[in-house]
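Please read the following note alongside the sequence and the model. It is written as numbered points, each of which can be checked against the coordinates.

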Amino acid sequence: MKRIKALVILLAALVLTGCFEDRDDNIVQSSSINDFVWKAMNLVYLYKSDIPNLADDRFASDAEYAEYLDGFASPEGIFESLIFQRETVDRFSIIVDDYIALEQRQQGIFKTNGMEFALYGAPNSSTDLVGVVRLVLPNSEADTKGVKRGDLFAQVDGTTITRSNAGSLLNQDSYTINLSSYNDNGTPENTDDSITPNGTDIALDKFQYTENPIFRNEVFQVGGENVGYLMYNGFTAGSDVGLNDVFADFNSNNVQHLVLDLRYNPGGRVDVTTHLASMITGQFTGQVFEKLIYNENLQELNFDYLFANSIGDMSINSLGLNKIYVLTTDRSASASEGLINGLAAYIEVVQIGTETTGKTQASRVFYDSADLGRQGANPAHTYAIQPLIANGINKDLVAVPGTGLPPSIGFEYEERPLNLGVLGDINEPMLALALADIENSTAKRNIIKEQPQLITNKTMDSFDFLPFEKGGMIAD
């Protein structure tokens with residue numbers, strides 16, 4: 001909360017002394033949302049110095065500024081015009097027309113049928129796709145209807161999924177998936193392989209759902225030592241309290257190794273990330289975990305997040321580890337990457353899987369109010385922006401590369417759609433790779449990695465159908 005108050009106080013001062021403190025009220029009214037967007041980006045955007053239209057001296061008069069604002073037909077238009085290199089650098093800043101839904105999503109509340117999936121190119125087709133269920137949220141519609149990780153579906157509502165219709169078919173609030181099977185036609189060659197319906201149809205409806213990001217935690221015994229496993233799917237506010245309970249259990253079971261599963265974790269709050277890092281370690285209290293560096297307007301906010309020994313009045317349960325295994329995919333983003341990057345400056349991190357998303361920057365939600373905070377937001381609309389506002393770096397000043405964090409050498413592994421396994425089971429391939437290394441069994445690792453990949457060319461996944469997912473790491 002102290003960080004929020006400091007930001008609000010500074011922004012209030014900057015707004016009150018900004019470039020257009022004397023602009024005419026009629027000008028603001030003529031394009032008030034566009035005015036809010038420009039004003040906020042001018043103050044907080046990380047790449048302000050790279051966008052000429054955000055320069056403090058860009059406009060010579062109120063009239064010129066008003067003409068500029070009126071040149072955009074929508075708030076989305078002006079916002080996109082102010083983004084620095086959208087395709088390569090800033091892939092993550094967002095504008096929304098419903099900040100209430102955005103706030104709920106950041107709290108783990110969103111509309112879903114509970115089925116998360118990836119879409120791959122169907123074998124021997126240049127147009128058709130096949131959906132592969134990768135995660136089913138507990139007590140969701142998909143869960144109660146019997147959808148399972150690893151289920152295949154090539155049709156929705158009886159229509160074959162293609163590259164051109166996937167969005168329209170899977171963006172619906174209600175639809176039926178027509179389950180399928182992989183058919184190798186009894187031959188070793190894959191040139192005649194296909195996806196065929198198996199006669200099972202499951203109707204799914206989307207409902208408001210509150211996700212517990214702590215998906216699963218287990219303790220295994222491997223080679224006479226105890227191994228903790230934690231699948232964590234979002235660094236949401238308040239989830240660090242539940243994490244601390246998990247680590248209390250790990251401590252009571254004398255866990256000596258930890259496998260942290262972040263394969264589908266898109267990120268979240270930096271303070272929660274810091275607390276989790278402190279639970280994993282414990283021997284670095286008071287030292288820098290991550291630094292946030294803001295733009296030239298907000299240098300007063302540059303901040304060091306330190307390893308902690310408490311969350312409020314609650315002591316942190318720490319394992320004191322010097323090595324950790326982290327499971328990742330291309331959907332491991334933002335705070336997930338920040339955790340790996342921050343820990344790597346102190347302990348050995350064995351990263352298993354594929355390259356991560358590549359997002360080192362932090363963002364924050366800003367509203368159309370006097371100080372850009374939530375209180376006093378303009379009641380006439382529900383637009384808000386969540387731009388990148390700071391660079392996250394570790395104590396050695398190293399940032400996550402835009403191409404993502406690569407897996408450790410020898411631990412490269414892409415999930416096989418036909419052999420996903422059960423999450424949290426010792427035979428699930430990515431977890432099994434970690435356990436094999438703990439056992440020091442190179443042979444087991446090689447057997448897992450040699451499994452065939454019969455469905456390839458992932459084109460998109462269920463994250464792409466969620467409107468707020470790319471916002472990423474939240475500066476608290």
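This is a predicted model: local features need pLDDT of at least 70, side-chain atom pairs count only at pLDDT 80 or more; totals for chains, interfaces and linings use all residues.

1. Residues are numbered from 1 along each chain as its sequence is written, and side-chain values use heavy atoms, with hydrogens and water left out.

2. Helices (H or I, at least four residues) and strands (E, at least two) are DSSP runs, numbered from the N terminus. Axes are lines fitted to C-alpha atoms, for helices over the stretch in contact, with angles running from 0 to 180 degrees between N-to-C directions.

3. The axes of helix α10 (residues 270–280) and helix α11 (residues 335–344) come within 10 Å and cross at roughly 40 degrees. The two helices are therefore oblique to each other, given that angles under 35 degrees count as roughly parallel, over 145 as roughly antiparallel, 65 to 115 as roughly perpendicular and the rest as oblique. Contact (heavy atoms within 4.5 Å) is made by Thr 273, Leu 276, Ala 277 and Ile 280 of α10 and by Ala 335, Leu 339 and Leu 343 of α11.

4. Ser 336 is also found in helix α11, and this residue is buried, with a relative accessible area of 1%; buried means under 20% relative accessible area, exposed over 50% and partly exposed in between (1.4 Å probe, protein chains only). Leaving aside residues up to four places away in sequence, Ser 336 touches Phe 235, Leu 262, Asn 265 and Gly 267.

5. In strand β4 (residues 129–136), eight of the eight residues are buried, so the strand is largely enclosed by the rest of the structure. Strand β3 (residues 115–121) pairs with β4 in the antiparallel sense over seven bridges, where two strands pair if DSSP finds at least two bridges between them, and Glu 116 stands opposite Leu 135 in β4. Two bridges join β4 to strand β5 (residues 152–156), again antiparallel, and Val 132 stands opposite Leu 152 in β5.

6. An open sheet of three strands has the order β1-β21-β20, with antiparallel pairing. Both β1 (94–96) and β20 (366–367) stand at the edges with a single partner strand each, so one side of each is left without a neighbour in the sheet. Three bridges link β1 to strand β21 (residues 384–386), with Val 96 opposite Ala 384 in β21. Helix α3 (residues 32–44) lies across β1, β20 and β21, running at about 25 degrees to β21.
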